[in-house]
Each structure stands twice: as structure tokens, then as C-alpha cells.
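Welcome! Please take a moment to look over the sequence and the 3D view before you start the exercises.

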Amino acid sequence: MSLDPADWSAVRGQGHRMLDDLFDHLQGLRAQPVWREPPAAARQGFREALPLAPSALEQVHETFLENVLPYSSGNAHPGFMGWVQGGGTVVGMLAEMLAGGMNSNLGGRDHMPLEVEQQVLAWTRQMFGFPDTASGLFLTGASQANFLATLVARMRVLGGGGRTAGLGEARLTAYASRAVHGCVGRALDMSGIGSLQLRAVPVDDHHRIDLATLRAAIAADRQAGCTPFLIVGTAGTVDIGGIDDLAGLADIAADEDVHFHVDGALAALGVLAPSLAPRLAGIERADSIAFDWHKWGQTPYDAGFLLVRDGELHRRTFASDAAYLQRAARGLAGGDWWPCDYGPDLSRSFRALKTWFTLKTYGTAALGAVIEHTCALARELADRIAAEPELELAAPVQLNIVCFRYRGPDAPAADADALNAEIVAELQAGGDVAPSLTRIDGRTVIRAAIVNHRTDRRDIEALVASTLSAGRQCTRRRAA
């Protein structure tokens with residue numbers, strides 16, 4: 001029994017209507033709220049029993065239009081500044097549709113979608129100054145890429161025995177700044193090394209790792225019989241966008257013969273921006289880099305990436321023999337590059353297509369200009385905050401992230417954390433702008449991450465005005 005439509009003309013017409021609806025949605029984003037709390041009725045509609053009988057496609061689409069599309073997380077909206085999430089593009093959406101139509105599995109074999117992924121890999125090598133022998137892989141995101149990089153580093157120090165016999169008596173230790181993303185600790189957890197083996201090195205006021213303390217920590221661990229195996233540098237800390245001294249970390253890693261990995265989820269793509277690229281000096285010396293095309297690269301979710309300098313080491317970390325995956329000199333089982341040899345997934349979607357479309361359609365110069373624009377908006381926001389007596393900056397603005405607080409004329413210092421948390425909830429519910437929260441030096445602060453290519457000065461002005469208005473209202477409410 002085929003699931004293809006009996007009436008191709010009818011489904012073609014419905015498909016065009018569905019595409020037009022998404023065009024209308026994206027074209028009218030600014031007129032919509034950033035976020036709306038899903039109503040109880042909409043939630044209840046997704047508590048139904050398993051459907052046994054069919055439903056008309058147009059009815060299912062209508063449910064989507066009424067109960068799903070209006071209540072998304074809002075990261076496509078220009079007023080979205082919560083967390084670090086890209087806005088996607090129309091081009092990426094169309095490419096995702098094409099990939100869905102092909103329904104390709106990019107685990108391996110000999111077909112053109114793998115050539116597309118290889119092309120993006122070649123461009124990525126060029127972007128970061130890696131050799132032609134470097135390998136790479138699309139993944140769900142940088143969290144998974146950081147995990148795989150940890151396994152590559154483990155293979156480097158333990159060899160194949162780490163895959164078969166485990167850690168044995170080895171006491172492996174890794175090093176990163178205190179500001180490193182939490183997924184790095186989880187990577188050590190999931191790899192069997194243990195999160196307690198991650199040494200959290202102090203940082204300066206700009207959240208950059210202290211190199212002298214790092215050297216001392218490595219020396220102390222060696223003296224205690226441990227085996228340092230991994231240094232993780234951060235290109236864009238999650239809270240304030242700090243960039244470690246990557247060249248300095250590369251020097252230490254070379255001196256200590258330790259794998260040097262860069263978590264560049266936030267800022268690695270800054271190499272495309274002429275004004276930011278010098279601040280990433282040293283990233284070209286990394287042994288591996290994790291980053292996301294779906295952040296500053298504006299590719300629709302998800303499109304994470306891992307780049308590994310030693311392609312053979314990468315392959316040995318994951319490749320295994322299986323009768324059902326045997327290769328052939330000709331036919332569909334041919335091809336000299338099977339991604340399943342470089343990661344855990346046998347089933348992989350065609351993530352490369354939307355990234356290839358994005359790079360081909362816009363070009364890296366335009367993406368670099370978007371990156372620089374978001375940083376310029378962050379500096380403008382910082383200036384606006386500095387000019388408002390009721391607001392204060394909570395951390396240096398280094399890239400596209402601004403952390404600040406509402407202090408107000410009468411806000412008690414002891415109550416400031418709860419007040420700022422209440423302000424953010426009010427802003428999100430208001431629908432014009434949506435920042436998030438974090439903690440800096442033990443204080444709850446408002447965090448605006450400007451990543452979306454659609455965000456402009458109007459949204460910066462709206463954030464300042466809305467924060468002042470919400471702060472005053474919340475303060476009055478608390479005083480009543």
C-alpha cells in the first residue's frame with residue numbers, strides 16, 4: 001500500500017498553500033509577538049489518543065496554523081534576544097524542504113548528498129585554516145560536537161584500548177575555564193572519564209582563562225599521577241561572550257602534548273567578520289573545533305559541526321567493521337567517505353544542504369557583515385544602558401551579548417535578583433522583546449544575546465524602553 005497521494009493535483013495545491021503560509025509568517029514576523037504562552041485549549045489538542053483513521057491534509061495543516069505556528073519559541077523574531085539562537089532564513093527553509101523531499105540518509109554509501117557535505121567540509125577547512133586532511137561532520141549542535149571531540153582526545157591518549165577495555169587505570173584530566181559551557185562537563189561524564197576530572201580554571205573580568213593557573217594545574221596533576229589529555233578553549237563564553245587567549249592555549253597544549261579543542265559554539269564563525277577574526281587568533285592551531293551553523297551562520301536548526309585536524313585519528317575513534325556496512329569497489333556501497341566512520345550515527349539527515357544553500361546564496365561576506373552588525377547593536381545597547389540611571393551594565397560587552405540590571409531609584413539591593421527575574425518574565429509575556437536571565441558574580445542579570453539577522457536598532461530601543469517600563473511597574477507593585 002503506497003502512501004503517495006491519489007490526487008497529485010490536490011496535494012500540489014495544498015502544498016503551495018502551506019508554503020505561502022510560511023512565507024506570510026516570515027514576512028510578517030515583526031507584526032507578531034515574539035512569544036505567546038500557548039493556551040490551555042491548544043495544549044489539550046495535543047493530548048489526543050493515537051490516531052487510527054486518516055485525516056485530511058488540509059485539516060492537519062489548519063491545526064498547525066491555529067495551535068502550533070503562533071506559539072513557537074520566537075527565535076525567528078527580530079525581538080528575540082534570549083539565549084544564543086539564530087533566526088534562520090527563507091533560503092534555509094526552502095533548502096530544508098528540498099532535503100525532506102529527497103529523504104536521504106547521509107550515514108554513507110555513494111550518492112551526491114555526501115558530496116554536498118564534503119563541499120561544506122572543504123569550505124570549513126578553508127575558513128579555519130585547517131589542512132586538507134582534516135575531517136569534519138555535521139551534528140545536532142556544538143554540545144554533541146564537544147562530546148565527540150572528547151572521545152577523539154581520549155583516543156589520542158589511550159589508543160584503541162580506550163574503546164575496547166575502557167579507561168583501565170588511567171586517570172585522565174581535562175582543563176577549561178570556569179566560564180566554559182556545561183556540555184563540556186557532561187561530555188566527560190558521558191565518555192566515562194567523569195565530570196570531576198574537569199579542572200575549572202579561574203578567569204579574569206572578561207571571562208578569559210588564566211594561563212598561569214592552567215599551567216600550574218597541569219603540573220600538579222602530572223605530579224599526582226594523572227594524565228592531562230584535553231584543554232578546552234572557549235571562543236565566546238555562554239554568559240558574556242568572552243574569548244580565551246587561544247594562541248596561548250595552543251602554546252600550552254603543544255608544550256604538554258595535550259589535545260587542544262575549541263568550543264566555538266557562539267563565536268567561532270567570527271572568523272568571517274574582518275573586525276572579529278583577529279580576536280580568534282590561535283583557533284587555526286586547534287586540534288578540533290565545535291561550532292554551530294545555526295547561530296551566527298543563520299542556518300535553520302539544527303546544524304552543528306565538528307572539525308578535526310587529524311582526520312585519521314577522528315576515523316579511528318569511531319570506525320568499526322560490520323557485515324551490513326561492508327564497502328564495495330562499485331555500486332551504491334561504494335564511495336570513499338562514509339560519515340558513520342566519524343561519529344555514532346548511522347542515520348543522518350541532509351543537514352549539509354541548508355548550510356550549502358546558505359553559503360552559496362548569501363556568501364561569507366554577507367554572513368560576516370551580519371555578525372559585525374549584531375556586535376555593533378550590542379555596543380549601541382551598552383551605550384543606551386550606560387546613559388540610563390535606572391540601568392547598569394553587569395559585565396563587559398565583548399561580542400553580541402549584553403548583561404545588565406535594572407536597579408531603579410528605590411529598588412532594595414537585597415531584592416534586586418527577584419526584581420530582575422520578574423522584569424524578564426514581564427518582557428517575555430509582553431511580546432515585543434524577549435531577553436533571558438543568567439547569573440554574573442552571584443547576581444541575577446538580564447541577558448540580551450543579539451544573534452538574529454533581522455534584529456535592528458528598533459529592537460534595541462524597544463528593549464531599553466520596555467525594561468524601564470517593566471522595572472518601574474514591578475517596583476511600584478512591590479511597594480504597594
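Predicted model: local features only at pLDDT ≥ 70, side-chain atom pairs only at ≥ 80, totals over all residues.

Residues are numbered from 1 along each chain as its sequence is written, and side-chain values use heavy atoms, with hydrogens and water left out.

**Exercise 1. Find the order of the strands in the open sheet, and name its edge strands.**

Step 1: Strands here are DSSP runs of E with at least two residues, and helices are runs of H or I with at least four, each numbered from the N terminus. Two strands pair if DSSP finds at least two bridges between them.
Step 2: Reading across the open sheet of seven strands gives β1-β7-β6-β5-β4-β2-β3, with mixed pairing.
Step 3: β1 and β3 (198–201) are the edges, since each pairs on one side only. From one strand to the next, the twist averages 20°.

**Exercise 2. Work out how β7 is joined to its partners β1 and β6.**

Step 1: With β1 (residues 135–139), β7 pairs in the antiparallel sense over five bridges. There, leucine 139 faces glycine 304 of β7.
Step 2: β6 (residues 288–292) also runs antiparallel to β7, again joined by five bridges.

**Exercise 3. Decide whether the two faces of β7 are covered or open.**

Step 1: In a regular strand, side chains alternate between the two faces of the sheet.
Step 2: On one side of β7 sit Gly304, Leu306 and Val308, and on the other Phe305 and Leu307.
Step 3: All of these are buried, meaning under 20% relative accessible area with a 1.4 Å probe and protein chains only. Both faces are therefore covered.

**Exercise 4. Describe how α6 and α8 pack.**

Step 1: Helix α6 (residues 142–158) and helix α8 (residues 182–190) meet at an angle of about 45°, with axes 9 Å apart. Axes are lines fitted to C-alpha atoms, for helices over the stretch in contact, and angles run from 0 to 180 degrees between N-to-C directions.
Step 2: The two helices are therefore oblique to each other, a class left over once angles under 35, over 145 and from 65 to 115 degrees are taken out.
Step 3: In contact (heavy atoms within 4.5 Å), Ser143, Asn146, Phe147 and Thr150 of α6 meet Cys183, Val184, Ala187, Leu188 and Met190 of α8.

Terms used
Buried < 20%, exposed > 50% of the residue type's maximum accessible area, 1.4 Å probe, protein only.
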